[in-house]
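Here's a quick briefing to read alongside the model. Have a look at the chain first, then go through the notes by topic.

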Amino acid sequence: MKNKKALYITQAAMVAAIYVVLTYIVNMTGLANGVVQIRLSEALCILPAFMPAAVPGLFIGCLISNLICGAVIWDVIFGSLATLIGAVITYLLRKKPKWLLPVPAILSNTIVIPILLTYAYGVEDAIWFSAITVFLGEFISCGILGMLLYHSLNSPHIRKIFTDQK
């Protein structure tokens with residue numbers, strides 16, 4: 001029992017750490033935040049299909065990333081919640097057709113982030129433009145890179161590592 005709990009905590013911590021590192025690196029290019037953003041770390045939103053520990057890991061990773069990248073408090077809270085919502089729904093869809101897996105993260109961020117950009121950051125008259133750019137960034141990160149990650153991790157040998165199956 002203790003080993004399963006330790007494995008869960010370790011997996012969640014690793015997902016969070018990788019998310020933070022990827023976001024920090026992308027933040028140096030100016031693409032982690034703002035109207036045009038492509039967070040490579042969002043490709044990790046596919047991981048709940050492999051392991052439930054990815055759900056809190058993604059949430060904590062996004063929360064820490066938003067804090068260290070200088071996001072306003074509303075973005076820290078609601079941007080992280082958007083990632084959490086996407087991760088939870090991805091976990092719930094893990095047995096559905098695989099092309100559905102990146103959809104929750106794409107949609108939750110496409111809905112929440114433009115609102116944050118408009119009201120928390122004061123980006124004026126651009127909510128629809130923000131929705132389009134956030135959608136495109138999430139599509140690249142989750143839809144393309146996330147699915148590449150999914151197919152890379154879906155081999156039987158790699159899958160065993162994530163699911164602890166014998």
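Cysteine 62 is tucked away: its relative accessible area is 2%, so it counts as buried. Keep in mind that this is a predicted model.

**Cysteines**
- How many disulfides does the structure hold? The count is zero.
- For cysteine 62, the closest cysteine sulfur belongs to cysteine 45 and sits 7.9 Å away, which is too far for a bond.
- Cysteine 45 has its closest cysteine sulfur in cysteine 142, at 4.7 Å, and that's too far for a bond as well. The cut-off for a disulfide is sulfur atoms within 2.5 Å.
- Cysteine 45 is also buried, with 3% relative accessibility.

**Nonpolar core**
- The largest nonpolar core has 21 residues, and the members touching the most others are Val15, Leu47, Phe50, Leu58 and Tyr150.
- At least two residues of this core come from each of α1 (2–27), α2 (54–68), α4 (103–119) and α5 (127–153).
- In soluble globular proteins, nonpolar side chains tend to be buried together.

**Helix α4**
- Buried residues of α4 include Pro104, Ala105, Ile106, Ile113, Pro114, Leu116 and Leu117. Ser108, Asn109, Thr110 and Thr118 are among the buried residues of α4 too.
- The cover over those buried residues includes α3 (73–92) and α5.

Notes. Residues are numbered from 1 along each chain as its sequence is written. This is a predicted model: local features need pLDDT of at least 70, side-chain atom pairs count only at pLDDT 80 or more; totals for chains, interfaces and linings use all residues. Side-chain values use heavy atoms; hydrogens and water are left out. A nonpolar core is a set of buried Ala, Val, Leu, Ile, Met, Phe, Trp, Tyr and Cys residues joined through side-chain atoms within 4.5 Å. Buried means under 20% relative accessible area, exposed over 50%, partly exposed in between (1.4 Å probe, protein chains only). Helices (H or I, at least four residues) and strands (E, at least two) are DSSP runs, numbered from the N terminus. Contact means heavy atoms within 4.5 Å.
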